[in-house]
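Hi,

Here is the structure I promised to pass on.

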Number of protein chains: 2
Amino acid sequence: MGFDLKEYLENKRKEIDKALDSFLPEPEGLSAPLFEAMRYSVMAGGKRLRPILVLAASHAVGGSSSVSMPAACALEFIHTYSLIHDDLPAMDDDDLRRGRPTCHKVFGEAMAILAGDGLLTFAFEILAREAVKERENSEKVSQVILILARAAGIKGMVVGQAVDVLMENKEVNGSQLAFIHQHKTGALIKASVEIGGLLGGADQNQLGALSSYGDGLGLAFQIVDDLLDIEGDQEVIGKPVGSDLEKNKATYPALFGIEESRAQAHEYIHSAISALASFDEKAEPLRAIANYVIQRNR
Amino acid sequence: MGFDLKEYLENKRKEIDKALDSFLPEPEGLSAPLFEAMRYSVMAGGKRLRPILVLAASHAVGGSSSVSMPAACALEFIHTYSLIHDDLPAMDDDDLRRGRPTCHKVFGEAMAILAGDGLLTFAFEILAREAVKERENSEKVSQVILILARAAGIKGMVVGQAVDVLMENKEVNGSQLAFIHQHKTGALIKASVEIGGLLGGADQNQLGALSSYGDGLGLAFQIVDDLLDIEGDQEVIGKPVGSDLEKNKATYPALFGIEESRAQAHEYIHSAISALASFDEKAEPLRAIANYVIQRNR
């Protein structure tokens with residue numbers, strides 16, 4: 001198709017990094033360590049999958065980047081907050097993230113908790129600012145805030161992480177594992193696609209299709225994550241290989257085996273791409289991202 | 001004036017407790033401990049000052065309770081999240097809150113962190129739901145979300161708590177202490193009054209007056225809190241007396257002495273009540289609350 005995903009991801013990452021940087025407050029004065037901790041974790045150079053999905057979904061329905069960039073950044077701020085809190089000693093107790101010491105290792109636990117709280121709240125501040133700035137957009141942005149709060153909240157990401165923690169060192173069956181994955185990772189990935197579509201001007205049919213795409217992508221993403229924890233290269237993924245196993249965490253390969261897990265991931269990706277059948281070439285980035293998610297090595 | 005504050009506070013507390021209870025999800029299934037932790041801390045029987053201020057400010061400008069109740073509950077959820085996180089071992093490390101073991105003492109640190117994250121996110125979910133439900137209200141509720149996110153966030157409560165933690169065991173001067181108090185406690189109290197006014201239909205002049213009232217009330221409230229930590233009755237305030245001193249926390253009485261602190265609190269309350277000079281008898285609850293804040297013993 002001539003679509004160069006590598007170049008697309010590079011360009012979007014740069015745009016997003018620039019926007020994230022300009023949203024974040026400069027560290028100065030008494031509160032400098034708080035803002036430094038936020039910047040340290042946000043600017044640690046992640047894949048920016050969620051904000052890229054916002055932009056790509058908006059593009060797929062004919063929307064512009066400028067309208068969806070604040071929401072894209074809000075998604076990344078919420079994703080980063082969840083990583084900071086997940087890494088805390090009381091939770092997953094991780095020392096490394098993206099190849100660097102985790103936030104609490106550098107800034108202490110108190111600043112890490114507050115940096116997470118701050119990023120979560122800031123995500124809603126950014127969106128509310130957009131809603132207030134452009135009156136005619138108020139209703140649409142309110143819907144975006146609702147989708148995001150649900151996906152990140154107590155029936156979404158937060159409950160996923162809670163059940164993940166609660167089931168540590170316990171027998172987990174397939175449906176429980178699916179619950180954890182769908183909520184802990186899937187919900188926010190799906191929300192990214194829905195939010196991009198909404199801001200880009202998707203109609204109800206398109207929104208439904210994007211939702212299905214987000215569902216499949218989110219599930220496949222987490223299965224691949226589980227596989228990378230077993231088969232990945234520590235240098236590339238930026239954290240120790242085998243850390244799930246060591247913590248007795250339930251994973252797809254532990255439950256279904258490597259081959260079956262890989263087959264399931266492929267099936268989810270196939271169904272994600274099929275959901276976009278009625279979309280034209282503007283959905284090429286979304287299709288290419290789906291293929292990338294299953295082939296990625298970090 | 002014949003206004004019975006005690007009865008008013010009792011009635012409002014009951015209304016608010018009922019609304020909080022109905023908003024909170026029932027604990028069931030795998031995720032029960034998360035929802036139990038949220039309920040445990042929310043339903044611990046606080047003063048409900050912030051939600052009462054939302055309702056009273058709305059009433060002062062002729063608004064109804066039903067319109068402002070969701071926002072009132074959002075304020076209490078955010079207040080509760082901040083208490084749960086502040087009590088964590090990495091932060092203030094408190095074992096008692098409102099006379100009961102703190103959230104992490106009962107449910108463990110991981111659930112306490114997640115219960116806090118969940119309540120914070122849930123507050124925005126509730127407000128966004130209101131914005132989406134009634135289209136004509138979308139713009140106003142967006143403003144409410146913005147006020148709340150700012151007051152609770154990285155230029156509000158979160159930065160106040162961060163500086164409070166960072167200055168522990170350090171010399172704090174008067175302006176630094178004012179910064180901590182204004183941000184850590186004052187911002188959310190002020191926001192409560194502004195949000196109630198906005199939802200009740202206040203005009204620009206009224207909003208300005210309510211803002212000034214909220215400023216004075218917030219500062220006085222925190223000074224009285226500091227005084228209670230020295231002079232209060234442990235049985236009544238529900239936590240050990242002298243805990244600020246023990247942690248080497250900067251407080252008004254430590255910096256200015258008890259008499260001067262009390263005089264300052266009275267001055268702030270006087271200026272708060274003066275700000276409402278042009279309001280009619282519908283502002284009587286707000287005036288009475290201001291007088292109560294300075295006389296309270298818990």
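Which hand, left or right, does the crossing of helix 6 of chain A and helix 6 of chain B have? The crossing is left-handed, a term for a near helix that is turned anticlockwise from the far one by less than a right angle, with clockwise being right-handed. Helices here are DSSP runs of H or I of at least four residues, strands are runs of E of at least two, and both are numbered from the N terminus.

Before the rest, a word on what you are looking at. This is a predicted model, in which local features need pLDDT of at least 70 and side-chain atom pairs count only at pLDDT 80 or more, while totals for chains, interfaces and linings use all residues. Residues are numbered from 1 along each chain as its sequence is written, and chains are lettered from A and ligands numbered from 1 in the order in which they are written.

**How the two chains are related**

**Where they meet**

In the interface, 47 residues of chain B are in contact with 47 residues of chain A (contact means C-beta atoms, placed from the backbone, within 7 Å). Because 100% of the interface residues of chain B are also interface residues in chain A, the copies meet through the same surface. On the side of chain B that touches chain A, two or more residues come from each of helix 2, helix 5, helix 6 (138–152), helix 7 (157–166) and helix 8 (174–200) of chain B. Helix 5 of chain B gives the largest share, 16 residues. By class, this side of chain B has 30 nonpolar, 10 polar and 7 charged residues (Ala, Val, Leu, Ile, Met, Phe, Trp, Tyr, Cys and Pro count as nonpolar, Asp, Glu, Lys and Arg as charged, and the others, Gly among them, as polar).

Back to the helix 6 pair: helix 6 of chain A and helix 6 of chain B pack at about 50 degrees with their axes 9 Å apart. Axes are lines fitted to C-alpha atoms, for helices over the stretch in contact, and angles run from 0 to 180 degrees between N-to-C directions. The two helices are therefore oblique to each other (under 35 degrees is roughly parallel, over 145 roughly antiparallel, 65 to 115 roughly perpendicular and the rest oblique). Ser138(A), Glu139(A), Val141(A), Ser142(A) and Ile145(A) meet Ser138(B), Glu139(B), Val141(B), Ser142(B) and Ile145(B) there.

Thr121(B) is buried, with 29 other C-beta atoms within 10 Å (20 or more is buried, 12 or fewer exposed, in between partly exposed, with C-beta atoms placed from the backbone).

**Helix 2**

In chain B, the axes of helix 2 (residues 32–42) and helix 5 (residues 103–133) come within 8 Å and cross at roughly 90 degrees. That makes helix 2 of chain B roughly perpendicular to helix 5 of chain B. Residues in this contact include Leu34(B) and Met38(B) from helix 2 of chain B, and Phe107(B) and Leu114(B) from helix 5 of chain B. The contact has 13 nonpolar, 2 polar and 1 charged residues.

In chain A, 8 of the 11 residues of helix 2 are buried, so it is largely enclosed by the rest of the structure. The cover over the buried residues of helix 2 of chain A includes helix 1 (5–23), helix 4 (65–87) and helix 5 of chain A, together with helix 7 of chain B.

**Two loop residues and one chain end**

Asp93(B) has a positive phi, near 55 degrees, though it is not a glycine. Asp93(B) lies in the loop between helix 4 and strand 1 (96–97) of chain B. For Asn169(B), phi is near 65 degrees, and its place is the loop between helix 7 and helix 8 of chain B.

Leu5(B) and Ile289(B) are 284 residues apart in sequence but 7.5 Å apart in space, C-alpha to C-alpha.

Best wishes

Definitions and conventions
Two residues are in contact if their C-beta atoms, placed from the backbone, lie within 7 Å.
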